[in-house]
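Student: I have a model open and want to check the labels attached to it. Can we go through them step by step?

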Amino acid sequence: MPVSNPAPAPPAKPPASGLAIGLALALLGSIAFSAKAIIVKLAYRHGVDAVTLIMYRMLFALPIFAAMAWWASRGKPPLSRKDVWGVLGLGVTGYYLASFLDFAGLAYITASLERLILYLNPTLVVLLGWALYGKRVHWGQAVGMLISYCGVVLVFGLEAHSQGGQGGQAAWGALLVFLSAVSYAVYLVFSGEMVQRIGALRLVGLATTVACICCLAQFVVLRPLSAAIVAPQVLWLSVLNATLCTAAPVLMVMMAIERIGAGMAAQAGMVGPLSTIFMGIWILGEPFTLWLAVGTCLVVAGIFVFTRLARKAAAG
């Protein structure tokens with residue numbers, strides 16, 4: 001009878017200082033990501049549209065992401081033709097299309113509902129894996145998805161009712177944001193192989209650079225150059241969006257994953273919807289109701305159950 005190999009030693013836990021720094025980075029990154037919706041809603045108060053607003057966001061973010069791509073590509077072999085097409089495709093679906101649909105949807109719904117819809121992203125990744133590759137969805141994951149989607153439907157119903165005769169606008173906005181989440185889920189599903197081949201930082205830098213160029217080209221095609229004349233507040237808000245809510249959280253989350261791992265970083269990211277709701281009430285004056293609290297709890301609880309069971313299934 002052959003002797004079995006000894007069980008691998010469990011991964012070493014990060015030191016206390018590294019754990020604290022990693023959790024802080026993950027929390028700050030999630031809150032910074034969540035602030036994006038608040039900044040977009042503030043900019044809309046100055047009469048700008050989604051095409052112009054996302055153009056300015058990507059214009060200011062372009063140097064940051066181009067520098068990221070250059071830094072990560074130093075000393076690396078050039079991309080193959082297959083990888084070039086892959087980067088272009090992921091840049092269009094994962095960042096350009098997802099960002100534009102999100103900005104467009106925020107013109108019709110509250111920041112709180114937008115963040116809850118985007119928070120469904122892990123469930124969409126699993127559903128795409130089931131639809132495209134036949135990957136199994138465990139019953140516990142299905143229960144988690146059901147709980148979280150019920151929460152979103154509850155908050156959406158509240159918002160549609162509050163808009164009265166304009167409930168169709170809430171439906172349109174929710175659909176646009178949901179399609180944004182689907183677009184980003186497609187990016188996550190198809191980026192796995194490329195991440196292993198060319199590296200996460202290089203892929204993010206290149207794909208976001210592609211998205212920035214797409215947003216600039218979209219503005220040139222769809223709007224006259226005179227549309228670029230906007231209120232100074234829109235420019236400053238776009239700078240904040242490009243730096244504080246786009247580039248900075250990407251780096252913070254990556255640094256957090258290095259210190260505490262992807263699982264713990266994802267759990268810390270659950271503060272995102274709560275921070276968006278708090279900022280929406282505090283900064284935008286959005287209403288807070290018992291039903292919004294119940295819906296948010298359902299979404300967060302459902303995603304918590306879903307992600308825990310997903311990790312157990314992957315480990316098994």
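Student: At what angle do the axes of helix 5 and helix 6 cross?

Tutor: Keep in mind that this is a predicted model. The axes of helix 5 (residues 121-133) and helix 6 (residues 139-162) cross at roughly 135°. They come within 10 Å.

Student: What is the hand of the crossing where helix 5 passes helix 6?

Tutor: Helix 5 passes helix 6 in a left-handed crossing.

Student: Which residues make the contact?

Tutor: Helix 5 brings Thr123, Leu124, Val126 and Leu127. Helix 6 brings Gln141, Met145, Ser148 and Tyr149.

Student: What is the make-up of the contact of helix 5 with helix 6 by class?

Tutor: Five residues are nonpolar and three are polar. No charged residues take part. Tyr counts as nonpolar here, which places Tyr149 of helix 6 in that class.

Student: Now Ala174. Why does Ala174 count as buried?

Tutor: Buried means under 20% relative accessible area. Ala174 has 12% relative accessibility, so Ala174 counts as buried.

Student: Where does Ala174 lie, and what does Ala174 touch?

Tutor: Ala174 lies in helix 7 (residues 167-198). Leaving out residues up to four places away in sequence, Ala174 touches Ile109, Ile117 and Phe156. Take Ile117: the C-alpha atoms of Ala174 and Ile117 are separated by 7.6 Å. Along the chain these two residues are 57 residues apart.

Student: What makes helix 4 "mostly covered"?

Tutor: Count the buried residues. In helix 4 (residues 111-118), eight of its eight residues are buried. Ile117 is one of them. The list also includes Glu114 and Arg115.

Student: How many helices and strands does the chain have?

Tutor: Eleven helices and zero strands.

Student: What share of the chain is buried?

Tutor: Of the 316 residues in the chain, 44% are buried. The chain exposes about 16,000 Å². Carbon and sulfur atoms supply 74% of that area.

Student: Among contacts between residues at least 6 apart in sequence, what percentage join residues at least 24 apart?

Tutor: The figure is 90%.

Key: Residues are numbered from 1 along each chain as its sequence is written. This is a predicted model: local features need pLDDT of at least 70, side-chain atom pairs count only at pLDDT 80 or more; totals for chains, interfaces and linings use all residues. Side-chain values use heavy atoms; hydrogens and water are left out. Axes are lines fitted to C-alpha atoms, for helices over the stretch in contact, and angles run from 0 to 180 degrees between N-to-C directions. Helices (H or I, at least four residues) and strands (E, at least two) are DSSP runs, numbered from the N terminus. A crossing is left-handed if the near helix is turned anticlockwise from the far one by less than a right angle, and right-handed if clockwise. Contact means heavy atoms within 4.5 Å. Buried means under 20% relative accessible area, exposed over 50%, partly exposed in between (1.4 Å probe, protein chains only). Accessible areas come from the Shrake-Rupley method with a 1.4 Å probe; for residues, only the protein chains shown count as cover.
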